[in-house]
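Take a look at the model below.

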Amino acid sequence: MDTTNIAEMSGNIATIGYGLATLGPGIGIGILVGKTAESTARQPEVSATLFRNMILGIAFVEVLALLGIVAGLILT
Amino acid sequence: MFRLVATALTAVSPESDHGADDASEGFFGWLFSSGAFHPPTIQEFYPDAVFFDGTIFEVNRIMAVRVIAAIVLVAIFAVVASRARVVPRRGQALVEIVLDFIRVQVVEEVLGKKEGQRYLAFLTTLFVAIFFFNVTGVVPFLNISATALIGLPLVMAAWVYVMYLGAGVGKHGFWRYLRMSLFPSGVPWWAYIILTPIEFLQVFLIRPATLTLRLTANMMAGHLLLVLCFAGTHVLFFEATGAVRAVGALSLTAGLVFSLFEIFVALLQAYIFVMLSAVYLNLALADEH
């Protein structure tokens with residue numbers, strides 16, 4: 001049976017890979033910031049420490065998305 | 001059944017082909033076929049040499065930007081320090097706010113007053129240097145972050161790497177520091193089978209690698225974003241015809257907004273870099289518990 005192309009897409013598959021790579025860090029940073037906002041509302045007096053911990057956590061999570069950029073540039 | 005669907009698709013294909021032709025003559029077809037629009041590529045970060053072409057002292061645009069940023073940084077601090085007064089005036093007050101911020105919010109907060117004193121100069125230098133090298137990405141006529149190419153962040157991260165390993169070895173001695181970082185106390189012995197390789201990778205490879213990549217990739221992405229916005233604006237204003245030109249206003253606004261955002265990112269990345277360095281130093285200096 002001969003195959004028929006119903007849909008065709010051209011371009012670089014790495015763009016889709018990067019889209020997928022942002023999903024996890026996006027959700028992760030969302031949870032991080034949301035929980036920090038929640039904690040600050042409960043206990044405003046420790047907001048400076050919470051903010052610092054949030055920035056540190058974001059830095060660790062964000063690396064995954066940035067690895068997506070770097071991998072896309074290196075492997076293509 | 002499948003063949004029927006396929007036949008049906010083939011039957012309508014002349015029409016859909018015609019539709020596709022129309023689309024390629026539309027806006028996007030014009031945009032990518034006109035040759036006027038050059039989307040930014042990785043070549044953006046490998047500009048041609050400007051001075052001393054062909055020698056080992058070859059200077060390209062990014063290297064020149066680095067030198068300019070370093071000279072401006074040193075000049076600002078030299079001028080402010082030579083005119084330092086007890087009651088600060090406006091320029092001095094601004095510099096003092098920055099220095100005070102690093103000392104109180106970062107160094108003493110993470111390392112404590114006593115240990116913080118030893119690493120204050122190192123971490124402050126790191127912060128202002130990284131900020132100045134980052135912010136050249138939005139300075140007109142420089143237009144590229146000095147940290148957007150991996151060399152400079154690599155040197156910075158190597159400096160931090162040597163400093164925290166040195167701090168750990170200096171305080172605990174080589175073997176004890178190795179044991180403390182590879183065999184964290186308070187876990188059952190069989191957990192070391194999994195934990196020790198992870199900790200080894202973490203301390204000796206992942207920490208400096210992520211410090212480097214975080215800074216480089218952030219600055220690189222920011223630069224590509226700005227180039228995309230302004231290249232698009234140029235094409236829409238000067239090459240497009242009719243009502244499409246109005247879209248250029250949108251991309252120009254986006255470019256300006258992202259420029260402001262890049263200033264914020266430059267500050268944030270400098271802060272994160274210094275904060276993580278302080279945390280790594282603190283982990284190296286921590287006592288066994």
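How many salt bridges does the structure hold over all chains? It holds 7. A salt bridge here is a side-chain nitrogen of Lys or Arg within 4 Å of a carboxyl oxygen of Asp or Glu. Side chains of opposite charge can pair when their charged atoms come close.

This is a predicted model: local features need pLDDT of at least 70, side-chain atom pairs count only at pLDDT 80 or more, and totals for chains, interfaces and linings use all residues. Residues are numbered from 1 along each chain as its sequence is written, chains are lettered from A and ligands numbered from 1 in the order in which they are written, and side-chain values use heavy atoms, leaving out hydrogens and water.

Start inside chain B. B:Glu115 pairs with B:Arg118, with N and O 3.5 Å apart at the closest. They sit 3 residues apart in helix H5 (residues 113-135) of chain B, so about one helical turn separates them. (Helices are DSSP runs of H or I, at least four residues, numbered from the N terminus.) B:Glu115 is buried at 17% relative accessibility, while B:Arg118 is exposed at 58%. Buried means under 20% relative accessible area, exposed over 50%, with a 1.4 Å probe and protein chains only.

Now cross to chain A. Between chain B and chain A there are 2 salt bridges. One joins B:Glu109 to A:Arg52, at 3.0 Å. Another joins B:Arg214 and A:Glu62, at 4.0 Å from N to O. B:Arg214 lies in helix H8 of chain B and A:Glu62 in helix H2 (residues 47-75) of chain A, so this pair joins two chains. Both B:Arg214 and A:Glu62 are buried.
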